Amino acid sequence: MSDPSNPFAGLLGVSGLKATNETEFNSGPMSLDAKQTQEELQVQTINNIVENVFHFTINSNAVDGQTDTQLVYLEELSQAISPKVHIDLEVLEQALFERLLLQDVEENVLPKTTKVFKEHVTQKQVFSYLFSAVENLQSYSQSNTQFIKDALDKMKELILRNAVTALKQPMLFEGQDFAVQLVEILQHGGSQSFTFFNELIQAFVADESDDCYTQLRDSMIPVLKKIHTDVNKSNLINLPIYILPSIQFFAGNSHLAPILMEACEPKIETNGKLYQDSVIGALLSLSVLPRNATGLPEYFDNPMDQAATSMIENSIWNASSHLTNNLHKIFLTLLKGGPAIKNRLLSWIGKCLKTNVARGKLWNVQAAEMSASTLTCVSDGFMLNLGAVLLQLCQPFCSNADDPKSLKIDPTYGAVLPEECAAKSVHLDCLHSETCLLPTREADDGQTMKRPTADTYSFVTECFFMTQKCIDLGVRVCAEKLWRCGQELGRAQRTLADVAGAHHMIEPLRQRTHFLMTKFVSLRCALLENEMLTNLHRLQATTCTWLVQVAVRADPDAPLASYAPTTMVEMHMPITTPPPDTLRCIPEFVLENIVVLITMARRTVGAITEEADIAGLLQPALTLVLTFMGDSSRTYNPHLRARLAECLEAMLPNHPDDQQPLSNIASFYREQLFKNHPHRLQLVPCLLDVFVGIEMTGQSVQFEQKFNYRRPMYLVMDFLWGIEEHRDAFTRLAKEAESNMEAVHPPIFLRFVNLLMNDAIFLLDEALGNMAQIRTLQTAQESGAWANLPAHEREQNLGNLSHVGMLARFDNILGRDTVRALVRLTAHAPYVFCHPTLVDRIASMLNYFLLHLVGPNKKNFKVKDMKEYEFDPAMTVLDICHMYVELGSNQRFCVAVSDDGRSYSPQLFTLAEAVLVRIGGGGLITSLQEVAARVATLAEQRQRDEEILANAPEEFLDPIMSTLMQDPVVLPSSRTTVDRTTIARHLLSDQSDPFNRSPLSMDQVKSNTELKDRIHAWIAEQKRKMDPNRADV
């Protein structure tokens, strides 16, 4: 450059920036002027490198004769060191600093005639210029000549020194945004960017001054904010490629990792939503779901187009997997960054979960798009992504269901009090207030006893409980929203079909349906990302085994340093060991999360149920269900036990309610599960226990909720009834009930049958009432009565019809399932139903509903589209007649039928026969006629007896049933006298005194012998008066 005849110009010229080659440098004698010494040659070589790297010179003639070369002429420096025309390493330091401060760069470019300037020559941005110089230096990296290598090292040092000076003294460079420049370097990509950044940071902290960290933080926080801004401008699909590697670099640098953590820690720790307002939080918020409650779904513009939806789903799943995999690397890098950084990250996760617990509250899940928590909590996408990252962190200890490393999880983690958390290495300090599988013990003085806790907790334990809590706030909430959205979508679609003629209503409903469909598809897509689901299956399979291992161990004799199971013990059922206090430390959400996963997989089309089998989830899950579902001593909450029954239903092979049938292999695997599981014979007792337990909660349980709990149980019973050994289990329990009908604590089968009848009476009555109401509404609509009504009233009537139809469908389905269960049981164990405790109720129930379905008022239930409401009166009549036939050989039953003055009449069975002929039940008519004859004979006799006993004294009548008492007993607390049969039947449903709600069992009632003798003496006297020749009583 300075001398065009220089033989090194070809090696060091601007045109090629070609790396100096050792062979070329030493190949043959140098053809230089004899007066030019080796030292002068080196100075000139270094000058040429400087001009190529930094694009400046102090020689005004440096570009003479060169057409494509541009250099910045440092005129003041040139004059100051004249007559020198070459820049050596001593001059370079001053030259570089002067170049960085130069304002009018273009005016100093050589040649002076330049009109179009090269950007890299006139670059004014400090870091862009210095990074370009570093890249230029790289062109000489292959040189082995020592003086060149030394010169390159010195140049690198000067570049970094000036970069550090710029960061520490930004006022020297007014108007320059270093954060933007540094981000542009990161955007450049490649290892050179991170190498420069790393060397810059090392140079920055080399002086180890007191305020070094503060200066570095002040320099890097704006960089992170700029990256954060870029994330917020992006979405899951178009996230700039530089961002994740850049955050990974920050996480992996020991000086930058604390700054990254500081940038992510919210200033107001009580506002959970602020965790989203940071660079890592913004990355976690990238999802197919909106970032806030008011946002609309970005994807699936046409959710009805299955092909397009499938393509979009695959793109989103790939992007989501890429994001969470990289975030996992970032988290893992931070965890390995030393105790201080590990502690900060775990604290960040713990506080994030703690301040977002409102997400999981029932009122938040039910509030649809908007609720109070949406203003103070992170988004659904954030929590799902955080859960996916934590699930990856869990994989080392849940590779399979029996992974021994999972036995290091200490179950007492959730019992640690906030003031003890720091000392015990607990970063999630909000679990102590969670509802646990068992309630806390109370001392004799009523004070809560302290639960067991370990001395300290491992990362495995902490990672497990943090992940489970994150699943509770993420996957569980979104799965519930998906289910509710599906329900709402179904209602909207039915309403849209119902208002086909109301043109002014169609468009708003169509828009609402489209929105709900888009929301549904978005939620489903977010939950069904394959890698996350697979990891979730693995974790929950391990959790099943771990929970069972905790549940079967007895309490230690003395406090322990750790309560982790550590070793696997053999499982025997039924479990005979008392429940351990460790169950008082495990939050209910750990068990609930397993139910959510299994039921979600069954409810949701495409939720890879085969993966659950492959991951080995179902076998340990069935063991878990059998351990906790039927044992209130290990799961106090009957609602959670009922949820386990729902989980059991989701584990069944194919059944009619499946939206999409399982594959044949998956269905076969599940069938074998119920036939070969080592503890399968506990299924029926467990089911009946939880069925009865729902009624005995001691809490106010809405009818609808109760039946929602029981419906899955009916489906499971229906399936088990088809397997001989499970059917035999029902028989054993029925025989046990028959032998213990008068036991202090009623047998479980007897209580179960009593509740079945309660449910059947309520559901069928509600169903018939709703069908009658639907008929009234349909009749008014068809008659044109609605046509003259104002638009809002017509709309109100349509809505009412839709609502009543939904209720009718619900009642009809559950009523059908309940009646069919009764049909099986009356055929299998008729003796139980014919016991005095139950026989009156089963008889009056059958009479009542048969009269409504075959009597003169049956036309009240004929509606259009009966199938839409799941109303099948013919099948119900057949089921009722089957029960009459099965029980009709028992005289006590026939007496009870004839005693029912409300619904029985001699014509009842005649009406039933006429209907049976029409509906294809002719095969039952002969048997039914035999029953009718026996009942009629007994009815005549009973009528004569009733005439005799019509004027019984008030004190002889049962205060509840108003019937003549046969065996009066006194209730201990209320001192009320009732018939033994009446109170026995009451205690099957409610073990309390019906007059004052005090606890009561049959062993506490006392026979009123004196009153009993007087009643029977009165009866005998009345019969003698009517028939003096009659000797019997």
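**Close-ups of a predicted model**

View 1. The end C-alpha atoms of residues 951-1025 sit 13 Å apart, and the span is 36% helix and 11% strand. Helices (H or I, at least four residues) and strands (E, at least two) are DSSP runs, numbered from the N terminus. An unreviewed UniProt entry puts the feature "domain: U-box" at residues 951-1025; UniProt positions follow the numbering used here, feature names are shortened, and annotations may be inferred rather than shown by experiment. Residues are numbered from 1 along each chain as its sequence is written. Since this is a predicted model, local features need pLDDT of at least 70 and side-chain atom pairs count only at pLDDT 80 or more, while totals for chains, interfaces and linings use all residues; side-chain values use heavy atoms, with hydrogens and water left out.

**View 2. An open sheet of three strands.** The order is β1-β2-β3, with mixed pairing; two strands pair if DSSP finds at least two bridges between them. β1 (56-57) and β3 (109-110) are at the edges with a single partner strand each, so one side of each has no neighbour in the sheet. Strand β2 (residues 71-73) runs antiparallel to β3, joined by two bridges. Which residue in β3 is the bridge partner of L71? That's L110.

**View 3. The largest cavity.** A cavity here is a set of points, on a 1 Å grid over the protein atoms alone, where a 1.4 Å probe fits but cannot get out; lining residues have an atom within 4 Å of a point. There are six cavities of 30 Å³ or more, and the largest has a volume of about 160 Å³. Grid points are joined across faces, edges and corners, and a volume is the space filled by probe spheres set on the points. Of its 17 lining residues, L764, N812, F871, D872 and T876 are the closest to the centre. By class, the lining of the largest cavity has eight nonpolar, three polar and six charged residues. Nonpolar means Ala, Val, Leu, Ile, Met, Phe, Trp, Tyr, Cys and Pro; Asp, Glu, Lys and Arg are charged; the others, Gly among them, are polar.

**View 4. The second largest cavity.** Its volume is about 130 Å³. Of the 14 residues lining the second largest cavity, S320, L384, N385, A526 and E529 lie nearest its centre. α15 (306-335), α18 (380-394) and α22 (503-527) each supply at least two lining residues, and α15 gives the most, four. The lining of the second largest cavity splits into nine nonpolar, four polar and one charged.

Definitions and conventions:
On a 1 Å grid over the protein atoms alone, a cavity is a set of points where a 1.4 Å probe fits but cannot get out, and a pocket is an open set with protein on both sides within 12 Å along at least five of seven lines; lining residues have an atom within 4 Å of a point.
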